[in-house]
Amino acid sequence: MIKKVLLSAIVILAAIIALFCVVAAFQPEDFKITRSATIAAPPSDVFGHIEDFHMWESWSPWAKIDPAMKVTYAGPEKGVGAMCSWVGNRDAGEGKMTILESRPPNHLKIDLDFAAPIASKNVIEFATIAEGDKTNVTWTMTGKRNFAMKAFSLLVNMDKLVGADFEKGLAQLRSKEEKEKR
């Protein structure tokens, strides 16, 4: 009797795992996360804080995750070819960003290459649009999800998780810009 119950439980568990794997496999490969905010500053000022990786420490939602994080810069100070890499604790991870396109004061495209905690390659884009004496900033990340990320996304809403960080970063950028204007 116990063997039948145990065997039934194993079969049911195997079926649930198999179903989960099938559902994960059929999730979309591409993802896109976007958030926007309006900042009381001209696009050129906002863009200056986005295009220069040295300035990210003052507004990035991830800058203070690991106080011991090692950050290095290479290439030009800002604009195309500027690079920023970091190695931090398990929360900060490890990766590198490289500016691929820069069209001041309206568009920035960044190659984002994570090595840890999960290796992935994504594209970050910032768009700034003047709205009177304010600027609308849109922060977008796109990429491809491998099987592990598809499965993880069934358990954790990545749009809400990463989107919350984008919202925090945009709020910190807004606060920094608007304080500087006073």
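This is a predicted model: local features need pLDDT of at least 70, side-chain atom pairs count only at pLDDT 80 or more; totals for chains, interfaces and linings use all residues.
Colleague: What does the radius of gyration say about the protein?

Modeller: The value is set against that of a compact globule with 182 residues, which would be near 16 Å. Here the protein has 21 Å. The box filled by the C-alpha atoms, taken along the principal axes, is roughly 75 × 35 × 25 Å.

Colleague: What share of the residues is buried?

Modeller: Buried means under 20% relative accessible area. In this protein, 35% of the 182 residues are buried. The accessible surface comes to about 10700 Å², and carbon and sulfur atoms account for 62% of that surface.

Colleague: Where is the largest pocket, and which residues are the closest to its centre?

Modeller: The largest pocket holds about 1200 Å³ of space. Its lining has 43 residues, and Trp62, Trp86, Asp91, Ala92 and Phe114 are the closest to the centre. Elements that give two or more residues to this lining include β1 (30-39), β5 (107-116), β6 (120-131) and α3 (147-155).

Colleague: Which element gives the most to the lining of the largest pocket?

Modeller: That is α4, with five residues; this helix spans 158-181.

Colleague: How does the lining of the largest pocket divide by class?

Modeller: Sorted by class, 29 of the lining residues are nonpolar, five are polar and nine are charged.

Methods: Residues are numbered from 1 along each chain as its sequence is written. Side-chain values use heavy atoms; hydrogens and water are left out. On a 1 Å grid over the protein atoms alone, a cavity is a set of points where a 1.4 Å probe fits but cannot get out, and a pocket is an open set with protein on both sides within 12 Å along at least five of seven lines; lining residues have an atom within 4 Å of a point. Grid points are joined across faces, edges and corners, and a volume is the space filled by probe spheres set on the points. Helices (H or I, at least four residues) and strands (E, at least two) are DSSP runs, numbered from the N terminus. Ala, Val, Leu, Ile, Met, Phe, Trp, Tyr, Cys and Pro count as nonpolar, Asp, Glu, Lys and Arg as charged, and the others, Gly among them, as polar. The radius of gyration is taken over C-alpha atoms; the globule rule is 2.2 Å times the number of residues to the power 0.38. Buried means under 20% relative accessible area, exposed over 50%, partly exposed in between (1.4 Å probe, protein chains only). Accessible areas come from the Shrake-Rupley method with a 1.4 Å probe; for residues, only the protein chains shown count as cover.
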